[in-house]
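Below are some notes on the cavities and on one helix pair. Please read them alongside the model.

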Amino acid sequence: MNRTGIMKTLLLALSLSALTTGCQTAPTIIPDAPPDNASEVTVLTAANNTETRLTCNRDDQESAACNLRIYQVMVEAFIDADPNADFNTGYGTSHHRGDIAGITASLDYIQSLGFNAIWLTPVFHSVPLDSQDEWADRLDATGYFASNFFAIDPRFGTLEQARELVNEAHKRGLYVFFDGVFGHFKENAAVYPSPSGKTLSKTGQPQAGTGREARYPEDLAFFKEVATYWIKELKIDGWRLDQAYQVPVRYWSELRKAVQEASTSVTYTNRDGQAVNPLGYMVAEIWNSPGYISETGYGSNETPALLSAFDFPVRSALVQTFGSDKEGNHSRPASHLNSALKLSTAYPDHAMPNLMLGNHDFPRFGNLLQRARLGTPDNPEYWARHKAAFSFMAAYSGPVTLYYNEEIGASVPGFADKLPSHSCAVQGLCDDHAGRTSGRIEGLPSTVGAAVVVLNEDERNLKAYVSQLMSMRSRHPALYSGSRTPVFSDERVYIDRKDHGKDHVLYLVNSSKKPVTVNLHTAAIGSRGSLTSLLDDTRLNPDNGLYRIKLNGLESQFFAINQPSDIITVQQQETVVSDALASCNLPDVEGQGPLGKEMWIRGTYQTGDGFMATPDTHKFGYKGNNLYQVVVNESAKTAFTFKFASKNWSAEYAVSRSAAVKPGSIQAMSTAAGPGTESGIVIPSPGRYVYSFRINAPAGNHEMYIGQCRD
């Protein structure tokens, strides 16, 4: 659960002026990209990109976890089916009466969407403190500061209702994941011992007004018991791990092994009548850069900690390309998706990233669209952007998670036009509360005694599309567990080939509103014959060696490659740049150049402290002629996001339009003020690298260069 001031985020402090919450400032809206009148793209050879071979990127990977399609439920806001289990308060706009019985009543609906797992926000008992205020009551409703980790909160239901939920889910082929908050708890939690008599610490740092941070290793044994108790008691299939960075990474391997051992000690009967062990899946919430996610969650190849974490970096690119982030960064080129996926270089080999479009800490995707003026529910573009985003998720190697009611394009009416007030959390106008809307399940009432929900045509259409995508994904391991070959990406078009054994799939998406025709050479995608659409079974044959595929605005296509062959890629050639930008031994000159200030590489590299640090190793020297430069010793293959910025953020630069860095090439650089405008880079091998930029004021045609030193 994201709480301002508690966790570092990927967007933390990209600009000092942006160090505010969504309740305090309106976002900056970035203008649409310049119009592109070209209507055709011809691809003769595939891009020559070396991809990181993560767990779910391997064509020999058969793990059930790679094929997880998780439906997330915010319990207090979802469905009310038990009049005796109500919180009647909480953050956001919902009825605040959701309960465990309401989730059980919704299982058939969730299964019909094509999902095979559910994740519940925390359901453990948050016992009120003496004379706690309304804000503490609302925090209790989230479940994220529990008192008794071995009891179900009666305002959510009973232990037997929880048991029924898990059993009924398993009968339908649905895994069940609880939300594990192992890094903090309510301050009265120490008085609620575990069944074996273990108690929590009392000296951790205060958290969120009524909570306390856990202390390790002091609290390790207690949380091991929590993690294993519910697997043995209810046979849940694992845990979503809230703010996983709060637990020192060296202890995650112990917790993970305890969960694995508990999962192998019990069985349940699945939908096929087979006795199976709980899955034992654990996924970390670490809202930060790939490097920080590895450092605090995954561990290393040598000492693996957790095996899965949410892919916040790719999620940012996803919403910035097809919609908008909460800061208003939108209309990113389709190549932005490829750039984000390449950042997985920073992960160890065992990593299993999990992609989501949103969760309970984000505004609804529909609200982000409306805020950025990219569509409203009465506009076809609104629904097309949802479909494009979901299609990208369907083509993602690894688990995916969908927040409840995204499948029907849910949003808070009027959210984009309302300015937050001091009571924004109550009204649901804060960014981190706006997504907590009342659950709407077709054919069920949202609350006891209400009318059943009837979807409109647009909602039914989007729901059917999500169901089609999830069903397609379940049948094609190339999508959820296939190796990825980037074929092509530019301003508008993104193309991947996915491979797993004998399953070969081509994915294309148009991220712009304008139609485009893609002419694909057979060699570029590795195909000797016809393609078959996975959405409508139509066949496409090449004409003179080219497949001609028309993509309407924001349209996606999936094709089976019926006769696969090797892909012909661009031959990589080393470029020799004869420019001072590429030199690695220029002496400093006096002065601070046209900027009149010192500059640093600020970013998410290991010593960068999430954009906060300004280490001497990454400080630019002024070389004269408007040129700034620093040589950095990169000790290992890595990936990170960055800006060239001053200490007080009065100057910020990145690759124009946040395009991918092309090492060894001179690229256009522009002002990049505020969150979401950073660039990403993959360092392919250890060595000395020069980072340079040239200010060509007042024309504004600035240039930058990053490349390995050869001198």
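1. Helices H8 and H9 and strand S31 (679-683) each supply at least two residues to the lining of the second largest cavity. H8 gives the largest share, four residues. Helices (H or I, at least four residues) and strands (E, at least two) are DSSP runs, numbered from the N terminus.

2. This is a predicted model, in which local features need pLDDT of at least 70, side-chain atom pairs count only at pLDDT 80 or more, and totals for chains, interfaces and linings use all residues. Residues are numbered from 1 along each chain as its sequence is written, and side-chain values use heavy atoms, with hydrogens and water left out.

3. The second largest cavity has a volume of about 170 Å³. A cavity is a set of points on a 1 Å grid over the protein atoms alone where a 1.4 Å probe fits but cannot get out; lining residues have an atom within 4 Å of a point. The volume is the space filled by probe spheres set on the points, which are joined across faces, edges and corners.

4. Of the 17 lining residues of this second largest cavity, His336, Ala340, Leu343, Thr641 and Glu678 lie nearest its centre.

5. The largest cavity has a volume of about 260 Å³. Its lining has 23 residues, with Asn57, Leu341, Ser344, Tyr396 and Arg484 nearest the centre. S18 contributes the most, three residues.

6. The axes (lines fitted to C-alpha atoms over the stretch in contact, with angles from 0 to 180 degrees between N-to-C directions) of H11 (residues 380-394) and H13 (residues 457-475) come within 10 Å and cross at roughly 10°. H11 and H13 are therefore roughly parallel, a term for angles under 35 degrees.

Conventions:
Angles under 35 degrees count as roughly parallel, over 145 as roughly antiparallel, 65 to 115 as roughly perpendicular and the rest as oblique. On a 1 Å grid over the protein atoms alone, a cavity is a set of points where a 1.4 Å probe fits but cannot get out, and a pocket is an open set with protein on both sides within 12 Å along at least five of seven lines; lining residues have an atom within 4 Å of a point.
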